[in-house]
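Subject: Structure handover

Hello,

Here is the structure I said I would pass on. Please open it next to this email and follow along.

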Amino acid sequence: MSFSESDKNGFSNETSIQNDNVLLDAIKNKLNEVEDAVFKNIQTADELVTIIYLSSLIEKLTLHRTVIAPLLTNKEDLLKSAEVPEKVNISSILSSITEGNTIVYFQSKNLFSTVNTYSPPTSSIANSDTESTVSGPRDAFTESLQTNLSLVKRRIQNTRLKNRDYIIGTETNTKVSVLYIEKIVNDNNLTKVINKIEAIDYRGFNDITILAQLMEDHQFSPFPQYQVTERPDMVTSSLIDGRVVIMMNNSIGAVICPSSFLGFFMSPEDYYNRWTTATLLRCIRFFGFFLTIMLTPFYISALSHHPEMLPYEVLKSLYESRSRVPFPPVIEVLFMELVIEVLREAGSRMPTKIGQTIGIVGGIVIGTAAVEAGLVSNILIVLVAISALLSFLPPSYKMSNASRFVRYIFILSAGFFGLYGQMIAFAWLIYHLVNLTSLGTPFMSPVIPRKWTDLLDSIVLAPTSFLKHKKGVASAESKKVLPENREE
Amino acid sequence: MKRFIFFAFLISLLGTVGCTQKKPSSSVEDLSMVSSIAFDYISEDEVRMTVSIPQSTGDSQEITQNYTVNTSLIQDGFTEVSSQAGKMIALSQLRTILFSEEYARKGDVTVIAKHFYRDATVGNNIHLAVVKDKAEDILKGSFPNIPSINTYLHDLLQPKMHTSFSPFTTLHDFINAETNTVSHSSMPYLEKKEDSIKIASVTLFDGGKMLETVSRKQSSFIQALKGLDKLAPLDITLDKGSDKEELHIELIENKVKIRSNKSLDSPQVSIRIKLQGSLVEYKGNKDLSKDEDFAKLQKDISKHVEQEVKDLLEKLRKLEVDPVGFSEYFRMYYKGKWNEKLTEKIIASVEYNVSVDFDLLNTGILK
Amino acid sequence: MDQNQTKVLNGYHVVFLVHLVMSGNILLTLPNLLSPLGFSQWWFPLLFGVIANLLLIPMIWIALKYKQHNLFAIHELLLGKWLGRSLNGFLILYAVLTLASVVEGYLDLIQIIALPDRTIIGPLIVFMLLLVYIVNGDIKSIARFCIISFFLVVWILFFLKWAIGEGDIKHILPLFNFTRQEFFTATKNGFIAMSGFEIILFYFPYIICQKKAFKQASLGIWITVSVYFVTVFASVMYYSEWQLENVMYPVLYLLNAVTLPFLERVDVLAISLWVFLILTTAAAFLWVAKKGLDSIRDKEKKSHLYIIAAIVFGIVSIPFPAEYQKMVYERVYYSNYGFMIWPSFLCIIHLLKTKKEVVK
């Protein structure tokens, strides 16, 4: 893309080979003002060798071990290990340099060869922050695509696991890798993913979530339509379900396509737990999602529109706790929800230690003071706290954010029309969810099952020996099943 | 552009709606939630209505507010109360409606019941009761042991084991019994004691007017005949001249089978009651560890209960009411429209064959 | 967007479309509509089910003859362009009026029970917006919504347990205690509850497996019938005959009998949740009206949907005199019966026409 210009400048293959110094000069010219570009002439025993590399991507030690030392001692070895590009032109050399390779130019032989010396400082494999689990593997993806690929390939030792690389981002030239298992993946899905990636026209990618959003079918929806995970075990299980996984360099997430709504409520830990525990937890997470968007709106409708709904005892305590509050319930709830939102945001922006303090200040001081000042009722404080906690239940942070937003729709509709408004909003939510698609697959599967066996691994998780079937969400190819898995 | 116009239209529409809508005023704190209402008799077309509104402790020190108005139309009364209370009166939390005995005898309870039945904001599970003397006094009275009269009345009229002789008439029950052609309704009858209120007996109604009260025991048998499975504890005194026996039986399970001979000309109803209960207290000469004595006691009780049921049925016949609805057993097989006349005919001419079978399950854990 | 003439509806879609388009707000009043029969009404839903199933036969038969066409197109094919189109005009009017009556009936109820101190306009606006949003998808999204709605609402039936517990089973006897006059009045009033399955004539071209459609539609009808049956049965047990006649919305009062420790009035919750049933019914009729306008104007346009929605909005929100409105809606009910029988005539016309062609 950006290199194509240089082609136009007249450096075709033939000319460059004929006139190498011109090419070298051209490279120098292109890398002008790239301060970390290093051109180094090394005098070996018999000739002058020029090496070119970007020092920011390459560790000195690696460079020395793989290039300089062999160059000085055993040149033949280096030539064997180095790749000699078939076509030498300025764009391929430049892209090779930006990828972190070292170009070794033998002036006498007039030969360009590239040595892979890419060794940027990487963060080591650490535990996942946002998707931590108690049991199960702890490793999580890092910012390095190489490492991430190795984490997956370590788990699926099968040549049918393919990864196709693409470069996206007109300015950043970010590398993405599309992973799938051949013969299990649905080719339709694969083509759709590839088409979408190829069609992307966007300037830069800092994180894979941007890519996920660009690939969505319904971009106006408040819901995330692709699951982004940083857990290799999650990626592995999705791959063997026949889904396509996209990974990106410099991004700790991997996008799973297609995803289902219920998938956002499943944690890989479920499968490591007993099925009874997992079922219980999944129920809590799933119904917790609906509860968190319904709880405070229900408070509003009960108090401002349908006081007859509550039993006398409940109403009495509500009535008493609200007796000093001067606002209507909607304002009260909005105020309190926004306070929680502010606390949450403030807590997440602050350094960890201060963040904890904010939690205590917010929870105890503001809460109690607000009740004593007569700004809100203490029952509402409890409800808001519960719904805030419930909103953190989905293992996916994206879904928990979605629930936060959707809750305001419910609060407003409950404020206007009470339970009726709430149900209208609920109908909207349900209709919206039912008609969302993720890569063309209905988002609500397996709540509406694509296959009956999906129900064994939905809100209820059947014991593990029942889970032999692939999930229907990816409409995986069903012809080729287990026995072929061990070809090799 | 089209989209823009559409959204502009939408937003303006929402805006106008949002602005023209009057402020939602049905919020709890703007309402006076009536919890109990009492009706007293003044004259044929005027009624004295007392409304009891529990107050939140934050608002004032008084726990309940009471307003009394004399009115001919109920809704007028509420308007009047609203103007006194300063807040709008809401009936959505109404729990209890009390009628004074005088009103129940002279006025028409059905008119008031139907008024509330029609109102969609009033639930159908509110309880009705008749009060001895003035109903107003119950709501206005101060009982040292009762902190909130409304909660107390609500709890008192909830079905419970030891008071299950009472019919616990809800609004629906009353309307249902009054409007169907086969049975008559009944209501608990409250009496104000020194510092408490108790369900003293049960009143029978016919056509919205109170007729007579029946004792707790008799009412318990009425409930048994209606098919209630768990009866209230029963005290029985077997008095046969020389040896007097007193019993207290609890946890009575009841199974009743009623059959009619389907004939309107010579109606007959056979009633078989099977009771099971545990004997909790016994005062008498029998040695209950002996099988024959125990069997004899069972037989005596059965006979005694049988006689009481017969007496009850005779009393009901004299009053010309049928709270059980025996006529239903004839209506089931009658082709055509059933009407009150047929029910009256049945009540007057029906012949009851009662058989009671009382099983004592145990005599407690002590021998 | 509408994918014209592509087959999108599978068996489950058909079953629940048929079922949920049928059960709208009529269910709330059904025991009251059948009250001329007194207690004997409890088995009438079964009778209605049989009749509806019989009426379904000619519908499916004629639809199978014209697999690629909906009723609007069939009319034009069978009756010629002008007659067919004017008839289609009536059909649109019918759909619009039915829609209006369904929406108005429900919103009136909302106003009585859930939002007593409000005007109808606000709830109507949000309802219509959501309705337009729903119908903006194709028939498949409506069908999907139907399936979910069924499972979201069906558990309300559980609350009938209380009413059945308090009721008296003896009411179900005698079985045939009504005169012929009463029978006809009740059937005339009550059979409207079965309306809605005839919409299958419009979405029939979209069904994947058209051969099985009859079975699936019948299943849908019988799900409706069983829901009706349970409710009517519970009402008969719970109410006296006077109550059946005089309580306008018997189902609400049935739910009123529920006592839960944390929720006093289930009826308010239920009537709000009912919006799902109303939405599905209304969405189907709006979709039909939109399709009709498409076919008359020979082009598919989103604006047709908005026009019809606006008309319905107007009809519901403009306060016509009550008697006038009642009269119009009653006419709509009767035209509904006509519409249910109409496919039989279409079958005859079809037979005559094909015979003629054979003779030629």
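**A leucine in chain A**

Leaving aside neighbours within four places in sequence, L79(A) is in contact with F106(A), K109(A) and L111(A), where contact means heavy atoms within 4.5 Å. L79(A) sits in helix α5 of chain A, residues 75–81. Helices (H or I, at least four residues) and strands (E, at least two) are DSSP runs, numbered from the N terminus. V134(A) is 55 residues from L79(A) in sequence, and the C-alpha atoms of the two are 49 Å apart in space.

**How to read the model**

This is a predicted model, in which local features need pLDDT of at least 70 and side-chain atom pairs count only at pLDDT 80 or more, while totals for chains, interfaces and linings use all residues. Residues are numbered from 1 along each chain as its sequence is written, chains are lettered from A and ligands numbered from 1 in the order in which they are written, and side-chain values use heavy atoms, with hydrogens and water left out.

**Chain A as a whole**

Chain A has 17 helices and 11 strands. Its C-alpha atoms fill a box of roughly 100 × 55 × 40 Å along the principal axes. Of the 488 residues in chain A, 52% are buried, and buried means under 20% relative accessible area, against over 50% for exposed and in between for partly exposed (1.4 Å probe, protein chains only). Among contacts in chain A with a separation of 6 or more, 67% join residues 24 or more positions apart.

The chain is divided into domain 1 (4–116), domain 2 (145–261) and domain 3 (278–435); such bounds come from an automatic or database domain assignment. Taken over C-alpha atoms, the centres of domain 1 and domain 3 of chain A are 61 Å apart.

Helix α10 of chain A (residues 232–240) is largely enclosed by the rest of the structure, because 7 of its 9 residues are buried. The buried residues in α10(A) are P232(A), D233(A), M234(A), V235(A), T236(A), S238(A) and L239(A). Just after α10(A) comes G242(A), with a positive phi of about 95 degrees.

**Chain A against chain C**

In this contact, 26 residues of chain A meet 33 residues of chain C. The two chains bury about 2700 Å² between them, 74% of it from carbon and sulfur atoms. Buried area is the accessible area (1.4 Å probe) that two parts lose on being put together, summed over both. On the chain A side, F417(A), Y420(A) and Y431(A) lose the most area to chain C, together 28% of what that side buries.

Helix α17 of chain A (residues 397–435) gives the most to this side, with 15 residues. By class, the side of chain A that touches chain C has 20 nonpolar, 5 polar and 1 charged residues. Here Ala, Val, Leu, Ile, Met, Phe, Trp, Tyr, Cys and Pro count as nonpolar, Asp, Glu, Lys and Arg as charged, and the others, Gly among them, as polar.

There are 0 salt bridges between chain A and chain C, a salt bridge being a side-chain nitrogen of Lys or Arg within 4 Å of a carboxyl oxygen of Asp or Glu. The two chains have 7 residue pairs in polar contact, both at pLDDT 80 or more. A polar contact is a pair of N or O atoms within 3.5 Å; within protein, one must be able to donate a hydrogen and the other to accept it, and residues adjacent in sequence count only if both atoms are side-chain atoms.

**Chain B against chain C**

Here 34 residues of chain B are in contact with 33 residues of chain C. The buried area is about 3000 Å², and carbon and sulfur atoms give 50% of it. The rule finds 2 salt bridges across this interface. One of them links E182(C) and K337(B), with the closest N and O atoms 3.6 Å apart. There are also 14 residue pairs in polar contact between chain B and chain C, both at pLDDT 80 or more. Helix α7(B) gives the most to the chain B side, with 5 residues. That side divides into 12 nonpolar, 12 polar and 10 charged residues.

Regards
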